[in-house]
Amino acid sequence: MSGKEVNLLVARLVDGEISHTESRELAGLIEMNPEFGYEVRGELELSDLLSQKFHETRSANAFMAAMKGRFRADRSATRFVAAAVDMIEKSERPKRKRATKKTIWWLLPVAACLAVIVGSFRYNEEQAERLPERIVARIKALSSDVEITRKGEVVLATIGMDLLPGDRIKTKSTQRVTCSYPGEKTTVLLDGRTELEFQSAEKGRRLFIEKGKIDARVASGSAYAPFVVATPHAECEIKGTRFMLTVRSGRTRVEVSEGIVALKQLADGAVIQIGAGEFAEARKRGGTLMARASKDPPDRILPPVKLSEDGPEIFRDEFTSGMENWEPVIEDDSGRFRPLNESEAGLVEWDGQTLQRKAEPGVVVMHANLTKDKQLGIRLKRDIPPGSIIIEYEFKGQSGSFFDVKYGPGVEWTASNDYFPGKYSTSWNVERRELIRLKPKDGFERYDHRCWYYRGAEGKYEPETVSADSLRMKGERQIIITGRARKTRIGRVVIRKLAKPGAR
Amino acid sequence: MERLDNITLEEFGRLIRKHQAGVRAFVCSLGACFDYVDDIAQESFLIAWKKRDSFDTSRDFGNWVRGIARNVVLRKRVKDERGAHVVNMKLSEILAEQSEEEDVRDPETTLALVQALDDCVDQLPPKTGALLRERYENNATASQLAERLGTTGDAVRQAFVRLRRRLRECIQERVGEAIS
């Protein structure tokens, strides 16, 4: 590799545009020449200092503000955990009924006075932005025909409608609703088939999710803190964070994107903190409660919009797994979502004005720019059957082999190589000396792995009679991929998930 | 040995403000993806706060937090299944190992480097300064800049390689110590 090529490789690293293969190449160069590693670190360090100097969001003040938020979230979560533990301990102590009664009767007036003093003090502090006491939230956007149950009566929801304590929203499968909290940046998005009740609480805001899924962003430093979300199995306290909560079949799953959420399992009172990039599940019957690293970014719920020619920004998010597994979808006449067809491609584009991939890797900004009242969405690609993978290969003889792996949704495969993510579609070169093992987590008996093809002279794939020499099965337990290949050949193997284990 | 255990959060905040630039640049130098640099630095300071009673005040605070940050980066590599996007995997491992073997930097030197960088940037010709601003202030990629300038992405990258080299030489002249 020439000096210029090495420089460009480092420049691509500094620009955040380096590929896995190039990153490995660079690592190899540093291993051979440690002095070069010193150079690379210098380039990265200088580039970061320049970014801190010029970019507003990376200034010292912005960093300190974010740091404060981080401390606040951490302390708040710690306090919640301490309070929950204290509460559990108290509930386990033997009750002394008479003593409690005696203590409480004379304390009541004192407590009432204190509540008035504290309450009026807090009111003075917060009244500038505060809503009238009875209004909990407001509807910001919604799909057609969403119904709200208010005091036993069903009313049709409208944009701008104030939500009161006890209001219950129930969405159908294709309906979405966005609720906001005026005066702050807190929003709650309800997915389809969700039942949510706005409840009042003496302190803070409280939602009860009977079933379904919400995607919530809770502003830090809210006047309404703490923000509590309750479900039949769990209770979460949130302060300045972003999370997704799903309630289904006896369990509540909380997945946190930013900040910290404290989750309490109602069955046994167990409490846990879930940090960014982690998820945990509280179960109806209780059991071990633990936070684990999220393996897959959750499908985002998009706000309902009346698409217009103005094309306002309706969605912005980061996709930490990269964009290759995602696709924009649109609601069809039957209310189901399908990928955009060719005629719609001009209206909603991946890299055009309406739906574009931002300069930063993995960030998508979606703009509404259709004249029809249709729902847009973004989801994991469905072109590969759920649970299955397709490996396309090109054996290049002495120079190793090239593999392009595409995963269907919900795959659970493990790989022995770091650069093979085991989850997200990827392409990579396997060097001659490398050997990679692939295994489905739920056992090979659930998969049909006999579909081998090679590309014939006309470019069409035809069934392969024998597995290729650098991609083979070992004892029907794992797939072995090596860079060694005796011949040049292009082909693919389709590993399909079976409806029943062993059925082919 | 004097400890930090009685420090208030406000005092700790002052230490963070003093060392944040160096720690963030250090995290970046370990190959952490740019979107996660500040996040990792914040996590490191948070860990430092929780472990403050184990810090020996005779040591430099910035170097102590750098050690924590190094472990955070390595942990991201090992534990986080999304680690491929947080750090540059193998590359981060090698760079982190290498940084561990180095002599610790004098705390005042980092601050001097930042000051020297400001001076060196101010001395750049207006056209070069504008290009630097476009790249770092507006987060323009090499390809975007190339399109605007009517050249290739690689030509822009090469220009930035030369520009950064020039800045590093300028900083070295002023402080007497190279970056990294």
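Leaving aside its neighbours within four places in sequence, which residues is B:Leu132 in contact with? In this predicted model, the partners of B:Leu132 are A:Leu50 and A:Phe54 from chain A, together with B:Val121, B:Leu124, B:Glu137, B:Phe160, B:Leu163 and B:Leu167 from chain B; contact means heavy atoms within 4.5 Å.

B:Leu132 also belongs to the largest nonpolar core, which has 70 residues, and with A:Leu50 and B:Leu167 touches the most other members. Such a core is a set of buried Ala, Val, Leu, Ile, Met, Phe, Trp, Tyr and Cys residues joined through side-chain atoms within 4.5 Å, where buried means under 20% relative accessible area (1.4 Å probe, protein chains only). Helix α2 (residues 34-50) of chain B gives this core its largest share, nine residues; helices are DSSP runs of H or I, at least four residues, numbered from the N terminus.

Over all chains there is one disulfide, a pair of cysteine sulfur atoms within 2.5 Å. B:Cys120 and B:Cys170 form it, with their sulfur atoms 2.0 Å apart. The pair links helix α6 (residues 107-122) to helix α9 (residues 153-175) of chain B, 50 residues apart. B:Cys120 counts as buried at 3% relative accessibility, and B:Cys170 does at 14%. B:Cys28 is in no disulfide, the nearest cysteine sulfur being that of B:Cys33, 9.4 Å away.

Local features need pLDDT of at least 70 and side-chain atom pairs pLDDT 80 or more, while totals for chains, interfaces and linings use all residues. Residues are numbered from 1 along each chain as its sequence is written, chains are lettered from A and ligands numbered from 1 in the order in which they are written, and side-chain values use heavy atoms, without hydrogens and water.

Definitions and conventions: Buried < 20%, exposed > 50% of the residue type's maximum accessible area, 1.4 Å probe, protein only. Helix = DSSP H or I, 4+ residues; strand = E, 2+ residues; numbered from the N terminus.
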